[in-house]
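Here is a short report on selected residues and their surroundings. Look over the structure, then read on.

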Amino acid sequence: MTAEAAQAATDAQAALDVVALGESMVTFLPSRAGRLADVPSFDRGIGGAESNVACALAAAGHRTRWVSRVGADGFGDHLVEAIARYGVDTGSVGRDPHRPTGIYFRTADDRDTDAHEVLYYRAGSAASAMAPHSVDREALDAGRILHLSGITAALSADCLALLRELTAPRPGRPLVSFDVNYRPGLWSGAAGEEGEGPRVLLDLARGADLVFVGEDEAADAWGITGGPDAIRAALPEPATLVVKQGSQGATLYAEGETAVHQPALKVDVVAPVGAGDAFAAGFLSATLRGLPAGRRLRHGHLMAAAALTVAGDLATPPARAHTDRLAALDADAWGTLRLGPGWTDGVPPNTEAKEEART
């Protein structure tokens, strides 16, 4: 082997799988259900769409990096240390002595109910000051996949400029993964005029290689109500498009291939927060491993089920062998599988026999 080939092999071995850019915040989770005004105490956690993906992938055995900015404060220390404990590289996280780390409080209720409350304290946060000139571009381009989301674009005009540069064609660009993550409330802030968000998100998605979007958010943001095929017609540019359809499952469109649909799992939900990020992590994990389309969707559903069955944003993923066995179930077994709290600790009852029978 030549010196150049040896160096190339070393570089390939050292390369990161996924680099995720975005704001993470300290999350305060209620000690019991009820209005925020009535909750007596909160447990501290971490939350951020992109860091959630990086943490879940690291816990699943992938090499990941989180790039962001946090305040030079105790909450910033907590975020960096907590995310690093998952095995995520946090060496490219900047510290801002002039701006605080964002925090938020939420109730224990389902976010789809009227009882759900969330209070964000993120205006003027350290992460909102991310800009093309203030982020290490080499650190961002060091992975096989660069994962972004529409939340970052809404934080400030500088953040939006950064995402526009990262999704634009450029030499050496890694595969760009983009989760639309449409949050209407954020778009009335510093990134631009209210109502600009949907157009911006569509432009960013068109520049990405792999896009995640919910059927519901496509309707809210872009007025697209014709189902997954209509969303694909509006977004033909990405080589890979994943349309999440809630309890109905998800549909995958890949360039040059027939669309594939996989139904969602039956899950005893503890809290719905973080399921979308977990789905993205499961799908990206399977993509990195070169698994076929249907398996990629199933791995997304399984990682989402892990998040749905815990109270916080992040869950310990099941062992890879366990996930592979479940993803390999036939259609009937997959359709009858039901997962509840604690399922990632071991093989769910009555599934091992079916899996072993197939192998």
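F105 touches F28, L36, F42, E117, V118, L119 and Y121, leaving out residues up to four places away in sequence. Contact here means heavy atoms within 4.5 Å. This is a predicted model: local features need pLDDT of at least 70, side-chain atom pairs count only at pLDDT 80 or more, and totals for chains, interfaces and linings use all residues. Residues are numbered from 1 along each chain as its sequence is written, and side-chain values use heavy atoms, without hydrogens and water.

F105 and V26 are 79 residues apart in sequence. In space, their C-alpha atoms are 8.8 Å apart.

Buried means under 20% relative accessible area, exposed over 50%, and partly exposed in between (1.4 Å probe, protein chains only).

T251 has contacts beyond four places in sequence, including P228, L241, V260 and H261. Q245 is also one of them. The side chains of T251 and Q245 make a polar contact at 2.6 Å. Such a contact is a pair of N or O atoms within 3.5 Å; within protein, one must be able to donate a hydrogen and the other to accept it, and residues adjacent in sequence count only if both atoms are side-chain atoms.

Next, the interior. A nonpolar core is a set of buried Ala, Val, Leu, Ile, Met, Phe, Trp, Tyr and Cys residues joined through side-chain atoms within 4.5 Å. The largest has 43 residues, of which L21, F178 and W222 touch the most other members. A second, separate core of 39 residues includes I145, M303, A315 and A333.
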